[in-house]
Amino acid sequence: MDKAQKMAANDRAYNIIKSRILSGEYEPNCKLNEIALSNELGVSRTPVREALSRLEYEMLVTIYPKYGTMVSSINLEVIDDVFQLRKLLEPFIILNYGGMIDRDRVIMALKSQLAIKNEQSAENFHYKADEDLHQIILDANQNKYITEMLMRVYDQNQRIRVLTGAKNRERLLDSCEEHLAILNYLLCRDYLEAAKKMEEHLAASWRATIKLVASKQI
């Protein structure tokens, strides 16, 4: 196998395993077996081992010597850490790089949120619209280290969303109103108020997530 084939095998193993972790197919604290993964993916153990090493760096798995690899847990501490970092960085991006935010995408996001508010969209569209808003802000960021951190945090946020599972209709509508406020301030180029509204939105999301997790006794 040449270098290109090895890289392709490594990337394939990494992408498949990561996708299954983010989707919840591989649940938190699930043990991953290298041999089973190798057989299932049709690759040698080396690409699987390389993939798991990359995923450990991203804090999606934990490798225990002489025991094996476990999908990283999701608990109250992880949730606190995720939202704490988001509350620090997302308002920071708005304040420092707000002028780089794509206004056309903001207008499109505003239309999506209005459709949600007017109950003209499917329920699962709410989550896509939420992701789009935060991605618009991340794409305006000019600090590559912040981008790397937030990409990893968004992966954990996806796992939290899958784990909590329950669709809180009231929270979805509240979140829509919060998104509309952020977007309107962005359109007005009032980045200070947009940053404040983002911080308030993330604080409310954190409280709702904690409540859901506590109710599920995760």
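In which loop is K66 found? I looked there to begin with, keeping in mind that this is a predicted model. K66 sits in the loop between β2 and β3.

**Entry: the hairpin turn**

I checked the backbone at K66 and found a positive phi of about 70 degrees, although K66 is not a glycine. I noted the background for this: most residues other than glycine have a negative phi. The turn belongs to a hairpin that β2 and β3 form, with three residues between the two strands. Is K66 buried or exposed? Its relative accessibility is 91%, and since exposed means over 50%, K66 counts as exposed.

**Entry: the sheet**

Next I wanted the strand order. I found an open sheet of three strands, ordered β1-β3-β2, with antiparallel pairing. Which strands stand at the edges? They are β1 (31–32) and β2 (61–64); each has a single partner strand, so one side of each is left without a neighbour in the sheet.

I then went through the pairings. β1 is joined to β3 (residues 68–71) by two bridges, and these strands run antiparallel. For K31, I wrote down M70 as the bridge partner in β3. Between β2 and β3, also antiparallel, I noted four bridges. There, V61 has V71 of β3 as its bridge partner.

**Entry: the helix on the sheet**

What packs on the sheet? I found helix α3 (residues 45–57) there, touching β1, β2 and β3. The direction of α3 makes about 115 degrees with that of β2.

With 13 residues at 1.5 Å a residue, α3 should span 18 Å, and its end C-alpha atoms are 19 Å apart, which agrees.

Then I listed the buried residues of α3: P47, V48, A51, L52 and L55. They cover an arc of only 135 degrees around the axis, so I put them on the same side of α3.

**Entry: just past α3**

I followed the chain out of the helix and came to M59, in the loop between α3 and β2. What phi does M59 take? Its phi is near 65 degrees, a positive value in a residue other than glycine. I also looked up the accessibility of M59: the relative accessible area is 53%, so M59 is exposed.

**Entry: salt bridges**

I searched the whole structure for salt bridges and got 15. I picked out a few to look at in detail.

One of them brings me back to α3. The side chains of R54 and D11 meet with N to O at 3.1 Å. This pair links distant parts of the chain, with R54 in helix α3 and D11 in helix α1 (residues 3–23), 43 residues apart. I looked up the exposure of both partners: R54 is partly exposed, with a relative accessible area of 35%, and D11 counts as partly exposed at 35% relative accessibility.

Another salt bridge joins the side chains of R20 and E40, at 2.8 Å from N to O. This pair also links distant parts of the chain: R20 is in helix α1 and E40 in helix α2 (residues 34–41), 20 residues apart. Is R20 buried or exposed? I found a relative accessible area of 18% for R20, and because buried means under 20%, R20 is buried. E40 counts as partly exposed, at 49% relative accessibility.

How far apart are the closest N and O atoms of K128 and D132? I read off 3.0 Å for this salt bridge. K128 and D132 both lie in helix α6 (residues 125–140), four residues apart, about one turn of the helix. K128 is partly exposed, with a relative accessible area of 42%, and D132 counts as partly exposed at 30%.

**Entry: looking back**

Helix α3 touches β1, β2 and β3, has buried residues including V48 and L52, and carries R54, which reaches D11 in a salt bridge. My notes on phi hold two positive values, about 65 degrees at M59 and about 70 degrees at K66.

Technical notes. Residues numbered from 1 in each chain as written. Predicted model: local features only at pLDDT ≥ 70, side-chain atom pairs only at ≥ 80, totals over all residues. Heavy atoms only, no water. Pairing = 2+ DSSP bridges. Contact = heavy atoms within 4.5 Å. Axes fitted to C-alpha atoms, helices over the stretch in contact; angles between N-to-C directions. Salt bridge = Lys/Arg side-chain N within 4 Å of Asp/Glu carboxyl O. Buried < 20%, exposed > 50% of the residue type's maximum accessible area, 1.4 Å probe, protein only. Expected span 1.5 Å × (residues − 1). Arc of directions from axis to C-beta.
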